[in-house]
Amino acid sequence: MLQNMRDKAQSWVAKVIVGVIVLVFALTGWESISRFTSNEQKAAEVNGTTISSAELEQAVSLQRRQLTQQLQQLGEQFDPDMIDDQVLRDSVLQGLIDRAVLLEGARDANLRVSEQMIDQMLLNTPDFQVNGQFDANRFDVVIRSMGMSSRMAFRDLVRQELMLAQLRNAYEATSFATPREQLQLARLEKQSRDFAVIELDLDADAVTVTDEQVEQYYTANQADFMSPEQVVLETLTLSRSDFFDDGEVDEAALESLYHREVGNLAEQRRASHILFEIEGDEAAVLEQAREVKARIDAGEDFAALAREFSQDPGTVNNGGDLGYVERDSFDPDFEAVLYALQENEVSEPVRSSFGYHLIKLTDLQSADVPTLESMRPGLEQELKNEQVASRFVEASRELANLAYESEDLAEPARVLGVELETHGPVERSGGEGLTANPKVMAAAFSDDVLLDRRNSQLIELDADTVAVVRVKEHLLPEQRELAEVKADIADRLQFEQAVEQAEQRAGEIVAGLRSGELSVSGTAEQLGQQWQAHEAVSRTNRDVHQALLRSVFSMPHPDDAPVYGHFRQPDGSQWIVELRGVATPEDLLAEEEGSMYADFVRGQTGEQDFAALRQQLQDEADIERY
């Protein structure tokens with residue numbers, strides 16, 4: 001709750017600024033929309049202002065792209081064709097009507113946006129800047145990419161969005177919260193309740209449903225008992241794996257790949273070093289390195305001398321050990337000497353960008369080169385992958401062409417040597433196997449495939465599988481016979497009547513508790529259950545079922561006696577509640593919390609005021625949809 005309040009209490013001014021920028025860069029082609037004449041097809045008319053069909057189509061296209069990008073985050077199984085175009089179109093048209101109504105409301109309120117305000121906004125927009133400064137060429141490139149034909153068209157769009165922001169600002173930014181409202185909200189947020197609850201289980205077995213009741217329900221609700229629309233599909237599927245058995249591996253290519261792979265296997269070298277940094281006299285540093293080298297040659301321990309003299313903080317405590325090293329990991333001069341050493345050999349002083357080094361090769365492990373036969377399966381797979389990738393692309397292209405040119409899928413199946421499969425009947429929601437893929441079902445129920453009985457376009461199921469589908473049979477909804485749905489209707493009626501009986505009985509128990517005719521202990525005995533007590537439970541409690549919690553906090557405060565109520569559970573059974581007490585702290589409004597509660601109340605009030613204005617403008621507007 002508190003987090004919700006913090007989120008909603010954010011300054012709406014910041015939201016408007018962000019919203020303006022988003023709309024400015026999201027909406028496209030506004031000038032072309034405004035240039036349509038009254039002779040063109042209309043989508044709607046608002047107080048004499050026309051919203052053209054072309055404007056609607058452009059807005060629908062933009063909204064579809066944005067919606068597709070968002071829904072694709074759900075996973076690869078999402079297909080854009082599954083978006084209901086009519087629902088999307090209705091929603092977008094309503095948005096355009098809302099916008100037109102609000103713009104007229106802003107003009108009627110004599111709201112104005114100065115040219116200087118627009119200039120300032122454009123100058124401060126990062127998308128129009130190069131090296132932190134506004135760049136006219138960059139500005140032209142960006143607005144052209146948005147579909148704007150001129151700078152003036154873009155400025156008009158900005159002006160409209162700023163006017164809408166002003167109108168919203170006039171209501172949302174001027175709302176306020178009284179101290180009483182803040183205190184009331186704080187008390188509601190911090191309130192806790194003591195209550196006890198007992199459950200009245202659903203007893204469906206006690207309900208008897210007659211054949212007459214079933215027949216009456218069936219007759220009154222026949223539209224609910226139609227068979228679903230279904231299709232029987234024919235499909236052709238190509239999988240990359242299908243081509244592996246046909247691949248042949250050339251022995252010469254296999255040997256060439258083998259030698260290339262084993263050639264990349266490098267021997268492992270472990271090294272230690274003593275670093276002498278050059279801070280002043282380089283000659284003196286070199287002489288010191290030579291002296292230490294002489295001591296090593298005389299038999300002193302390299303690791304001990306490294307701990308005494310090395311100036312590499314990363315290795316000094318480990319006797320200069322660098323671990324196993326790989327090529328291209330060190331200074332070229334350092335590396336050249338290292339790879340020329342024999343095991344346990346110590347180099348002469350070597351100059352690098354870090355200083356002088358004494359290098360010792362402490363371990364040398366030759367690469368374990370596998371035989372050709374041991375690597376053959378993997379190498380063959382790699383070579384076949386290259387062949388299969390090309391063949392799969394060619395076969396997919398051929399399948400797409402054949403499906404387009406053929407009246408059915410029999411000919412493509414014969415040419416490609418692929419088995420023609422039949423699925424279904426299956427509903428729009430899909431079935432199992434191939435028909436569980438939303439892309440397949442979207443294609444199957446598209447107008448071209450379902451109504452015109454054409455083969456579908458090539459459907460990419462995943463990176464390794466493609467398919468085409470055809471509707472073999474279209475099964476329209478039909479009225480289901482009573483005998484077929486009788487059991488379902490009986491179960492439904494039995495459940496509904498059991499819920500009704502449980503609610504009635506719970507109401508009787510609560511009435512008895514309120515009148516005193518029934519005691520709390522008597523209720524428990526009658527129901528064969530125990531009351532579960534909950535003390536000092538807040539609105540944010542997560543241990544109590546949320547539906548029960550909401551119901552408890554909707555009950556009136558108890559005075560001298562507990563308050564009783566009953567509420568339906570999600571499964572149809574009943575909660576019977578005894579509300580024993582309500583605790584509301586009096587001194588709550590600390591200064592740091594007061595601001596938060598005030599912001600929340602102001603935000604909610606401002607949003608409600610603006611929503612009321614929008615509804616009023618809608619009610620008063622002359623709106624006609626075509």
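A residue counts as exposed when its relative accessible area is over 50%. In the predicted model described here, Asn110 has a relative accessible area of 55% and is therefore exposed. Asn110 is placed in the loop between helix 5 (85–108) and helix 6 (115–123). Its backbone has a phi near 60°, a positive value in a residue other than glycine. Most residues other than glycine have a negative phi, and most peptide bonds are trans.

The chain as a whole comprises 626 residues, of which 38% are buried. Its secondary structure consists of 22 helices and 17 strands. Among contacts between residues at least 6 apart in sequence, 72% join residues that are at least 24 apart.

Strand 1 (residues 42–46) pairs with strand 2 (residues 49–52) in the antiparallel sense, over four bridges. Within this pairing, Glu45 has Thr50 of strand 2 as its bridge partner. The two strands form a hairpin with two residues between them, and Asn47 in the turn has a positive phi of about 50°. Gly48 is also located in the loop between strand 1 and strand 2. Gly48 counts as exposed because its relative accessibility is 57%, the cut-off for that class being over 50%. A separation of 575 residues in sequence lies between Gly48 and Ile623, yet their C-alpha atoms are 8.5 Å apart in space.

In one of them the strand order is 11-6-13-12, and the pairing is antiparallel. Strand 11 (421–427) and strand 12 (459–462) are its edge strands, each pairing on one side only. The twist from one strand to the next averages 40°. Strand 12 pairs with strand 13 (residues 465–475) in the antiparallel sense over three bridges, and Asp462 has Thr465 of strand 13 as its bridge partner. Arg453 is situated in the loop between helix 18 (447–450) and strand 12. Phi of Arg453 is near 55°, a positive value in a residue other than glycine. With a relative accessibility of 33%, Arg453 counts as partly exposed.

The other open sheet has its four strands in the order 14-5-16-15, again with antiparallel pairing. Its edges are formed by strand 14 (532–538) and strand 15 (563–568), each of which pairs on one side only. On average, neighbouring strands of this sheet are turned by 30° against each other, direction ignored. Strand 5 (residues 192–200) and strand 16 (residues 574–583) are paired in the antiparallel sense over nine bridges. Phe195 stands opposite Leu579 of strand 16. Helix 20 lies across strand 5, strand 15 and strand 16, and runs at about 35° to strand 5.

Helix 20 also packs against another helix. The axes of helix 19 (residues 482–515) and helix 20 (residues 520–527) are 10 Å apart, at an angle of about 155°. Since angles over 145 degrees count as roughly antiparallel, helix 19 and helix 20 are therefore roughly antiparallel to each other. The crossing of helix 19 past helix 20 is right-handed. On the side of helix 19 the contact involves Arg505, Ile509 and Leu513, which meet Val520, Thr523, Gln526 and Leu527 in helix 20. By class, these residues divide into four nonpolar, two polar and one charged.

A further helix pair is formed by helix 12 (residues 282–297) and helix 13 (residues 302–309), whose axes come within 10 Å and cross at roughly 155°. Helix 12 and helix 13 are therefore roughly antiparallel to each other. Helix 12 passes helix 13 in a right-handed crossing. Helix 12 contributes Gln288, Val292, Arg295 and Ile296 to the contact, and helix 13 contributes Phe302, Leu305, Glu308 and Phe309. The residues of this contact comprise five nonpolar, one polar and two charged.

Key:
Residues numbered from 1 in each chain as written. Predicted model: local features only at pLDDT ≥ 70, side-chain atom pairs only at ≥ 80, totals over all residues. Heavy atoms only, no water. Axes fitted to C-alpha atoms, helices over the stretch in contact; angles between N-to-C directions. Parallel < 35°, antiparallel > 145°, perpendicular 65-115°, else oblique. Left-handed = near helix turned anticlockwise from the far one by under 90°. Contact = heavy atoms within 4.5 Å. Nonpolar A, V, L, I, M, F, W, Y, C, P; charged D, E, K, R; others polar. Pairing = 2+ DSSP bridges. Buried < 20%, exposed > 50% of the residue type's maximum accessible area, 1.4 Å probe, protein only.
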